[in-house]
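Subject: Structure for you to look through

Hello,

Here is the structure I said I would pass on. Please open it beside this email and follow along; my notes come after it.

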Amino acid sequence: MKSFTDLFKGTGIEDALLKKEFFSLILSCSLFTAIAFLVEALIFRKHLLCVAIYITMISFLSILVFAGKKDESAFMQKKRYISYSILMGCVLIPAVYLVGGGIYSGAPLFFMMAGVFVLLLLDNALMIGVFLFMMFSAGFVYILDYRTEGLVERFTDLGGKTYLDIGISTIIVGLSIGFFLRQLTKFFDENQDKANELLGRIENAATKDPLSGAYNRRYLMDYLEECIKQVENDKLHTFSLLMFDIDHFKNINDKYGHLAGDDCIKNLVLILKSSLRSVDVVTRYGGEEFICVLPTAEDTPAFRRAEQIRVAVENTQLSADIDKTITVSGGVFMYKPGMRPEELIKAVDHNLYIAKESGRNQIVWHDGGIPPLVYAAYSGDVLEPVQNSGRRFTDASATKF
């Protein structure tokens, strides 16, 4: 059980630094309310003690603002929270209630607002203790007013202005709480956007290859499971896989360096994404191997698309440091009912293996079967020059699709 001293040091407040902006909003609302009530007290010519308390309150809140800017440590934030809760809720506002018109004035509304702020600000036993003390202070002043006839009237007697005072006070507190809720909602929305952005980055880090920007193997396996499930549920007719491997990639790294090899990988992904549809998925399976999943595509159109990609790579300079033609080999395979992701990858990898063993720079399907007719007609898309790792992806041999 924490002692009162420990609680006053702020050991009962959790996440003090996280509440800093929240408390700044509370201070802003409290300052606005105190200034507005001071102006109202001057207009209604309330007792000088009431005016003095409002001035003291404004000075106290200003000191809290200054202290928070000067020292942003967690310990200082806790002291500010506790000082605000105790002095505002248990001293200044009860005093305003007593000398500013009592129950027949707008002071109780200010007291309610401070009570809400204390409940939102403090934690655990500290919150309960301060709030109970606030209730005790309010009850004590009310009983004192009730049992001592004319006590409040000795300081401030509003007479026929009572309802006007309550009405104006209601507007002031309503505006203050409305501003508080509006800013709190804005703050929540901004932090929600930041959280969504962070989650997006985390998801990208978990599902995408950092070098190429293509999806990783983990994503591929999950996506294949989803495609299979859709086919089995008759939501998807079929799908095909393309698997590419950069020919003699080890020799490229050994002769031109790994940065040149990285350029080849990144620009191959550029070609893959530019050549395929937006619904198609490009993944880096490992090293220089890439698997593309083409939903709804049968193996014949998939083969033709793979051949267009092969021609594009052959006619595109993948790195400014490499003055020789870079080629890829590829395999094509269409899903067959009952196959699992591992079986699909094994099948398309088998066709890729045949392509590499048969001389490379070719596309293979059906275990090396006769390929379909591939039209030499391409669309008007052009691979535009891009920057990769500080090297220019030259447009000297850009290929039209």
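The side chain of Asp-165 makes a polar contact with the side chain of Lys-46, at 3.1 Å. This is a predicted model, and that distance, like the other values here, is computed from it. Asp-165 sits in helix H8. Is Asp-165 buried or exposed? Its relative accessibility is 0%, so Asp-165 counts as buried, the cut-off being under 20%. Leaving aside neighbours within four places in sequence, Asp-165 is in contact with Glu-40, Phe-44, Lys-46, Ser-105, Gly-106 and Leu-158.

Next, the nonpolar cores. The largest one has 45 residues. Which of them touch the most other members? They are Tyr-54, Met-57, Leu-61, Tyr-84, Met-88 and Phe-110. Two or more residues of this core come from each of H2, H3 (48-70), H4, H5 (107-121), H6 (124-147), H7 (151-155) and H8 (162-207). H2 gives the largest share, 12 residues.

Not counting residues up to four places away in sequence, Met-88 touches Met-57, Phe-60, Leu-61, Ser-83, Ile-93, Pro-94 and Phe-110. There is also a second, separate core of 33 residues, and among its members are Leu-242, Ile-246, Ile-271 and Ala-306.

Two of the helices named above also form a pair. The axes of H2 (residues 20-43) and H4 (residues 74-99) come within 11 Å and cross at roughly 35°. The crossing is left-handed. Which residues meet there? From H2 they are Lys-20, Phe-23, Ile-26, Leu-27 and Ser-30, and from H4 they are Gln-77, Arg-80, Tyr-81 and Tyr-84. By class, this contact has five nonpolar, two polar and two charged residues.

Last, Leu-220, which is found in helix H9 (residues 217-232). Leu-220 has a relative accessible area of 1%, so it is buried. Not counting residues up to four places away in sequence, Leu-220 touches Thr-283, Tyr-285, Ile-291, Val-293 and Ile-345. The C-alpha atoms of Leu-220 and Arg-284 are separated by 8.7 Å, and these two residues are 64 residues apart along the chain.

Regards

How values were computed: Residues are numbered from 1 along each chain as its sequence is written. This is a predicted model: local features need pLDDT of at least 70, side-chain atom pairs count only at pLDDT 80 or more; totals for chains, interfaces and linings use all residues. Side-chain values use heavy atoms; hydrogens and water are left out. Axes are lines fitted to C-alpha atoms, for helices over the stretch in contact, and angles run from 0 to 180 degrees between N-to-C directions. Helices (H or I, at least four residues) and strands (E, at least two) are DSSP runs, numbered from the N terminus. A crossing is left-handed if the near helix is turned anticlockwise from the far one by less than a right angle, and right-handed if clockwise. Contact means heavy atoms within 4.5 Å. Ala, Val, Leu, Ile, Met, Phe, Trp, Tyr, Cys and Pro count as nonpolar, Asp, Glu, Lys and Arg as charged, and the others, Gly among them, as polar. A nonpolar core is a set of buried Ala, Val, Leu, Ile, Met, Phe, Trp, Tyr and Cys residues joined through side-chain atoms within 4.5 Å. Buried means under 20% relative accessible area, exposed over 50%, partly exposed in between (1.4 Å probe, protein chains only). A polar contact is a pair of N or O atoms within 3.5 Å; within protein, one must be able to donate a hydrogen and the other to accept it, and residues adjacent in sequence count only if both atoms are side-chain atoms.
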